[in-house]
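I opened this notebook to keep track of what I looked up, one entry at a time.

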Amino acid sequence: MNIDKGLIQEQNRKKKEVHEEKYHFLSNNLIRQGIDIPSILQKLSDFQIAIPSWALGTGGTRFGRFSFYGEPATLEQKIEDVGLLHMLTQSAGAISLHIPWDIPKDFKAIAELAASHNLIFDAVNSNTFQDSKNARESYKYGSLSNTDKSVREQAIEHNIEVINIGKKLNSKSLTVWLADGSNFPGQSNFQTALMNTQESLEKIYQSMPDDWKMFIEYKPYEPNFYSTVIQDWGTSFMLANACGEKAYTLVDLGHHLPNTNIEQIVSTLMLKGKLGGFHFNDSKYGDDDLTVGSLRPYTLFLIFNALVFGMENNPQNPNPAWMIDASHNIKDPLEDLMQSLEAIQEAYAKALLVDQEALKIAQLDHDVVKCQEILQSAYRTDVRPLLERARLNSGGAIYPLEVYRNLSIRKKIVDERGMDTVASGL
Ligand SMILES: [Mn+2]
């Protein structure tokens with residue numbers, strides 16, 4: 001499914017006047033505050049967020065899954081969907097593949113297809129939380145942490161295979177998220193599980209090319225309900241340090257117990273040069289995988305404030321890899337992703353408005369009221385015209401969601417693929 005760029009431009013022309021009005025009102029205010037608008041616009045245009053190949057279909061729960069019409073049934077169609085998203089928003093310039101759900105049959109053709117949509121391949125994701133058909137061993141009692149050496153070997157081999165697939169697509173990183181843990185007290189020896197995991201990760205690490213990074217993701221609970229081997233950032237950080245300098249911690253917003261101070265975790269990791277990647281979503285209760293910014297936009301802003309500080313002050317930390325890791329169970333996945341992209345860019349733009357110098361002075365003066373005023377004055381600014389302008393400058397749609405609806409894109413996708421297609425994977 002391809003849309004003509006001319007159609008987007010036509011839609012933009014209709015909205016140009018409204019946008020100009022809003023943009024000038026905002027830019028006048030920002031100029032008065034001494035804000036460097038061209039630099040913010042450039043940063044917004046440069047900020048690219050990867051879309052995982054499992055995000056183009058609806059997600060589900062253990063109770064069921066309700067497919068959305070016209071879901072991409074093949075990897076080619078998933079790439080087309082991300083391409084469409086990128087064309088409209090100009091901020092989704094990468095796709096993150098999940099192996100084994102999305103193993104390319106023809107690598108050259110897949111690489112060319114992605115390039116034709118201006119997409120690169122972000123981190124490749126391994127999967128040892130499910131058993132593959134005809135697999136020699138089962139992950140029922142863990143993968144990299146398993147007490148059975150032959151299970152661990154199978155899981156290590158799988159990760160190495162994922163690296164090899166990634167190499168063919170010019171991906172530069174591997175994300176490891178382990179479901180390993182235990183459901184009942186006494187079921188597992190914590191120390192044995194941790195040491196097995198560390199040794200397994202070290203073996204995978206040794207198979208990584210020099211210019212690759214390994215991202216170690218953590219999560220406190222689920223699918224196991226009593227203990228998880230890599231349960232928190234400290235455990236991930238420790239394992240990354242044990243592996244070496246190419247290994248990093250990956251923070252997923254939804255992978256924390258309620259009220260965890262995620263902005264502080266991000267700060268600590270960037271200070272230590274170990275924040276490798278970040279997964280966006282939102283949640284109310286647990287790992288809900290809801291649309292980014294749908295529940296806690298202020299928390300997201302505070303996290304971005306820490307990220308922006310780190311990006312500007314911590315040269316020891318490479319630029320993190322950004323990815324949306326959400327599920328959108330009942331929405332059109334593409335519309336949901338557009339809402340997420342908008343929320344991420346919005347939080348980022350607001351964080352870029354924070355007067356870091358003034359904040360530092362207020363902190364040194366112990367002027368707590370002023371500190372809050374500085375943060376909230378940035379947060380309360382309606383930055384959407386900046387996002388619109390950045391998209392316009394990059395050739396995207398001023399209002400992507402509106403264009404998507406005005407052009408009846410979902411209907412066109414359904415006409416092409418049919419009502420009953422089901423995304424492979426979840
Ligand atoms: Mn994640």
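Entry on H2 and H10. I looked up how helix H2 (residues 37–46) packs with H10 in this predicted model, and I found an angle of about 150 degrees between them, with their axes 11 Å apart. Since angles over 145 degrees count as roughly antiparallel, I wrote down that H2 and H10 are therefore roughly antiparallel to each other. Their crossing is right-handed. On the H2 side I listed Ile-40, Lys-43 and Leu-44, which meet Gln-345, Tyr-348, Ala-349 and Leu-352 in H10. Sorted by type, the residues of this contact are 5 nonpolar, 1 polar and 1 charged.

Entry on H1 and H13. I then turned to helix H1 (residues 5–32) and helix H13 (residues 384–394), whose axes are 9 Å apart and which pack at an angle of about 130 degrees. That angle makes H1 oblique to H13, and the crossing of H1 past H13 is left-handed. H1 contributes Asn-12, His-19, Lys-22, Tyr-23 and Leu-26 to the contact, while H13 contributes Pro-385, Leu-386, Glu-388, Arg-389 and Leu-392. By type I noted 5 nonpolar, 2 polar and 3 charged residues in the contact of H1 with H13.

Entry on the core. Which residues touch the most other members of the largest nonpolar core? I found that Ile-95, Met-214, Ile-216 and Val-266 do, in a core of 109 residues. Helix H10 (residues 333–353) gives the most to this core, with 12 residues.

Entry on the backbone. I reminded myself that most residues other than glycine have a negative phi, and that most peptide bonds are trans. A cis peptide bond joins Ile-99 and Pro-100, with omega about 20 degrees, and Pro-100 sits in the loop between strand E2 (94–96) and helix H4 (107–116). The bond from Glu-222 to Pro-223 is also cis, with omega near 5 degrees.

Asn-170, which is not a glycine, has a positive phi of about 65 degrees, and His-328, not a glycine either, has one of about 35 degrees. Is each of them buried or exposed? Asn-170 counts as exposed because 11 C-beta neighbours lie inside 10 Å, whereas His-328 counts as buried with 24.

Conventions
Residues numbered from 1 in each chain as written. Predicted model: local features only at pLDDT ≥ 70, side-chain atom pairs only at ≥ 80, totals over all residues. Core = buried A, V, L, I, M, F, W, Y, C linked by C-beta atoms within 7 Å. Buried ≥ 20, exposed ≤ 12 C-beta atoms within 10 Å, placed from the backbone. Helix = DSSP H or I, 4+ residues; strand = E, 2+ residues; numbered from the N terminus. Axes fitted to C-alpha atoms, helices over the stretch in contact; angles between N-to-C directions. Parallel < 35°, antiparallel > 145°, perpendicular 65-115°, else oblique. Left-handed = near helix turned anticlockwise from the far one by under 90°. Contact = placed C-beta atoms within 7 Å. Nonpolar A, V, L, I, M, F, W, Y, C, P; charged D, E, K, R; others polar.
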